[in-house]
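The entries follow in the order I looked things up.

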Amino acid sequence: MSYPVIIAISITYLAVLFITAYFTQNSKRLNFLFKDNSFIYAMSLVVYCTAWTFFGSVGRAASTGLGFLGVYLGPILLAPTWIFTLKKVIRISKYLRITSIADFVSSRYGKSTTFGILVSILGLIIVIPYISIQLKALEYAVSILHTGNTTLAHNSNVFTSPALWFAISFAIFAIIFGTSKMDPSEKHPGVVNVMALESLIKLFSFLIASLVIIYGVYNGIGDIFNQAYAKLEMSSITILQKDGLDYSTWLMVLLLSAFAFLFLPRQFHIAVVENNSVSHLKNASWITPLYLFLISLFVLPVAIAGKLMFGDSVEPDMYLLTLTMEYKWVGVLVLIGGLAAASGMIIISAISVSIMTSNNIFLPLLLKIEKQYKYFLSDLNTRLLQIRRVIIFLVLILSFGFYKGFSINYSIVSVGLISFAGIAQIAPAVILGLYWKNSTAKGALAGFCIGVLIWGYTLPIANLADLGILNPTIIENGPWGISWLNPTSLLGIKDFQPIVHGSMWSVLMNTITLIVVSLYTKRSALEVVQSDIFINPEKYYKSENPRKSIIVRQANFQEFKAVLISILGSKKLNWLLDGYFKSHGIQTEPEIADSELITYVEAHLAGAIGTSSANIVLNHLVEQQPVRASELISILDETYQVYEYSQLLQSKSDELLKTTEELKNANQQLQKIDQLKNEFISNVTHELRTPITSIRSLSAILQKYDVSDDEKKKFLSIINEESERISALVNQVLDLRKSEITNEIELDEVDLCSLIQTTIYGFDEMKGNRKIIMNCRELRIETDRKLLKQVLINLISNAIKFTSDENGIIEIDVDLNLYVEIQVKDNGIGISKEEQAFVFERFYQVKQENDTKTQGSGLGLAICKTHIENLGGKITMKSQLGQGTTFTIQLNTKIIK
Amino acid sequence: MSVDSSKKILIVDDEENILISLEYLLKAEGFDVAKAKNGKEAIDQFSTYRPHVILMDVMMPVMDGVEAAKAIRSLDADSQTSIIFLTAKGTTDDRRVGYLVGADDYVVKPFDNEIILNKIKELS
Amino acid sequence: MNKLKDKIVFITIAGVFIFLGPFLQMESMAEPGLFGIPKSYLFILITTLVFIFVTARILIKSDW
């Protein structure tokens with residue numbers, strides 16, 4: 001592929017980036033669409049996948065097999081914690097208008113300028129080699145595409161080096177879209193959208209190229225692995241080894257990657273500073289891991305494919321290109337993918353580092369010098385942007401220089417892992433800063449410095465010695481022959497891979513120092529205030545008046561205003577002040593700016609120039625009442641107690657509401673039961689009165705008059721009938737009572753079919769013209785005969801009651817599944833859905849439309865239920881209005897055969 | 001037992017056995033008797049039979065005694081017919097409702113045969 | 001209580017992963033499994049996918 005083609009492709013790609021950034025940033029409609037999109041957020045996080053992912057993974061997989069996976073697995077595993085920890089970090093950062101990881105750390109530890117400077121320097125040190133390896137990968141890729149040659153031609157002419165031109169283009173992009181204006185929130189939506197787009201391009205290109213290799217060059221995954229097992233030594237690639245990729249390395253890589261994903265300056269910037277809503281975290285927690293999974297899916301097969309084809313003769317990082325030489329279009333795709341991978345990292349890193357260093361190194365230092373202070377303050381916004389542009393440019397040129405000078409010797413992955421270990425030195429300060437209020441600035445600084453020193457010694461320096469750039473005897477015998485100071489085996493602890501060794505020592509000593517020093521030092525007043533915000537952010541971001549300041553400050557208002565105009569511009573300042581005055585009902589400008597106003601303004605200022613710089617600026621202006629840290633602690637503890645108490649109160653009152661609701665329900669239940677009981681009583685007495693009336697009247701008639709024999713017979717039979725009725729009712733009531741008091745069952749061997757048959761015969765008269773059919777299978781069971789018969793009687797009489805005389809059919813079926821099942825079916829009027837729930841309740845009688853007088857006591861089914869349950873069974877009902885009802889009895893009884 | 005033999009009584013109750021006993025009782029005392037099973041039948045019977053007294057049960061299907069009494073009262077503007085309610089309830093409220101509707105008297109079930117006879121006689 | 005349960009689930013699964021290590025040291029895991037893919041690789045792929053989907057399900061269904 002000729003250079004012009006490559007250049008054309010690159011330029012087209014860059015143009016797409018520029019256009020995307022421009023339009024998504026400036027078009028209101030598009031902006032709206034993109035801003036609230038958790039998918040875009042999730043994709044933007046993937047700027048984590050750089051040329052390392054695109055090229056380096058394959059390279060690493062080829063030598064250490066599973067070793068490449070840790071870098072992606074780490075963040076995947078920690079992703080579920082984002083909704084606790086990352087959410088907290090985002091909330092704090094939004095509240096305090098944090099602009100970078102250095103700002104975050106510095107803010108937590110009493111707005112420490114020193115800490116801000118140190119973290120920013122670390123960030124710079126780490127970013128330059130990292131960018132350089134991106135450039136290296138790009139140049140390599142271009143070289144292979146151009147010459148078709150798989151060895152890198154060493155280009156001595158700097159100005160024809162593609163890496164330089166890429167660096168310059170990315171710098172221009174970063175400057176245009178990253179430093180276009182001062183936005184206190186430091187958000188660059190155009191850039192973020194471009195990052196998301198590039199993530200998709202990376203994935204797409206990698207997957208397509210891999211698929212071409214797997215199915216085009218080889219015949220599928222199976223083919224690749226079969227050949228591999230035949231020709232290569234597979235166990236070093238597939239499992240953890242004692243020497244080589246061992247368990248400790250595996251774990252360490254997981255851990256370092258998980259931290260790096262959040263703490264690398266560019267990652268913090270895109271995950272925290274550019275975040276538009278914490279609600280996006282929910283989706284990002286699984287979408288981003290899914291992406292990481294997909295992009296690492298084919299790495300191993302491709303690496304193995306490369307090894308099979310080329311052995312050790314070709315740089316494994318470039319397998320994606322070298323394996324697909326015959327497919328020119330794939331080459332183009334890989335180039336674009338590589339551009340996407342590298343440019344994303346470079347642009348965001350450049351922007352985030354420029355913000356970090358401008359706010360935390362340059363500004364604080366310059367503001368300390370009186371002359372510079374005046375110069376900068378005269379137009380702070382523009383000055384700041386200028387500084388940043390210079391920084392971006394410098395970083396990129398330095399990275400290019402680093403590449404030309406050193407990167408030939410480095411592998412992508414080793415630089416990457418060393419960088420991860422470096423940024424991990426921030427972790428103890430951040431994590432303990434979020435959860436342990438007594439971690440002090442002195443402790444954190446001490447820990448950080450020790451950690452960085454050890455890291456520097458055991459990793460970059462040891463690496464340089466290993467490469468021969470520094471005297472290799474350092475790692476053979478230790479410096480000056482002192483073996484226990486050997487950077488690869490401090491204190492004689494050997495047998496660890498350098499990355500594990502270095503990370504372990506540095507982070508361990510970092511944490512221990514932090515804890516020990518914090519225990520022996522006290523927090524300053526400012527630290528107390530700040531740490532409270534970090535430990536209990538809910539107190540602040542939730543309340544309506546969040547900026548109630550605890551430290552009392554005041555300043556002359558006019559002086560105050562003058563300085564601020566130079567920083568924020570008069571338009572912005574007036575808008576700020578108007579907002580403040582309006583909400584506080586202040587009509588005229590005050591003479592003195594009080595604590596609240598100062599804190600309010602400081603927040604906005606911090607967003608523009610960083611927390612520590614804002615602090616410095618205001619310190620020049622403001623008189624502060626000296627406060628003792630201990631006073632502050634007790635105030636804050638008090639306010640926290642108040643907060644906790646109010647939370648408790650809230651939860652108690654919620655509980656109370658719930659209990660009241662439950663009581664109300666219980667009361668309603670009781671009232672219903674009471675009502676049912678009263679209904680029952682009136683029903684029963686009514687039921688009794690009717691037969692008694694006939695008996696009384698007829699008996700009186702028989703006594704008084706001379707009744708004919710026929711009539712006498714008739715009357716006496718009526719009296720008999722009604723007496724029976726009374727008797728039956730009384731028995732039913734007694735029965736129900738008894739069944740509820742006692743569970744006495746008399747078990748006996750019962751012939752089920754004959755029992756049912758006998759019961760049916762009992763209804764011969766009552767059934768009228770209805771049909772009663774039995775389908776029974778021969779079954780002898782152990783049960784209480786009387787109870788079962790009573791149940792059947794109740795069910796059948798109900799069925800008779802609710803079916804019509806002419807068409808009524810009642811069917812009794814017996815079956816044996818898991819249980820003995822007896823079904824009583826009828827084709828009567830059925831029971832409505834609303835009433836079905838209540839039929840088994842005591843006293844409940846189904847309302848019949850045309851019959852306001854209820855027949856029966858409402859006890860029949862309740863009795864059935866109690867009896868069946870006492871027999872160890874279950875009774876259920878199915879019914880449909882107008883079609884009929886089926887009662888099913890399930891008995892868990894012993895079957896006697 | 002000297003009674004106006006043309007006195008017509010309409011008895012209304014959904015219980016067959018009560019109708020039987022009342023019918024015998026009243027016929028034995030020389031009254032003329034017609035029967036109805038519910039309020040609706042009572043109204044129909046009223047129009048055709050034109051009783052002097054109606055012994056009306058209150059709780060009945062299709063239409064209860066109170067409704068029927070109301071309807072009959074509206075048909076019977078010149079209140080020639082007396083209505084006696086028969087009911088198993090006996091609370092003061094029901095009696096009040098009964099009187100409001102235009103009943104002339106009220107008898108609680110189970111009733112004493114003699115009480116009914118006396119009340120009917122009083123209404124002549 | 002639900003939040004506690006979720007936290008426990010996450011920690012358990014992550015813990016499983018970390019103790020994945022011993023499995024990855026077993027000689028037998030180096031052998032080919034389905035489609036010739038090394039067992040260790042399959043194991044990691046499947047476990048990761050399960051982890052991601054369980055996470056997704058818990059997150060989507062809960063009220064975080």
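I began with pLDDT, the predictor's confidence in each residue, from 0 to 100. Chain C averages 73, and 62% of the residues score at least 70. For the complex, the predictor gives an ipTM of 0.90 and a pTM of 0.64.

I noted that this is a predicted model, where local features need pLDDT of at least 70 and side-chain atom pairs count only at 80 or more, while totals for chains, interfaces and linings use all residues. Residues are numbered from 1 along each chain as its sequence is written, and chains are lettered from A and ligands numbered from 1 in the order in which they are written.

I wrote down that helices (H or I, at least four residues) and strands (E, at least two) are DSSP runs, numbered from the N terminus.

Next I looked up the sheet in chain A. Five strands form an open sheet in the order 5-7-8-10-9, with mixed pairing (two strands pair if DSSP finds at least two bridges between them). Strand 5 (771–775) and strand 9 (873–880) of chain A each have a single partner strand, so one side of each is left without a neighbour in the sheet.

I then checked strand 9 of chain A, which eight bridges join to strand 10 (residues 884–891) of chain A, running antiparallel. The bridge partner of Q880(A) in strand 10 of chain A is G884(A).
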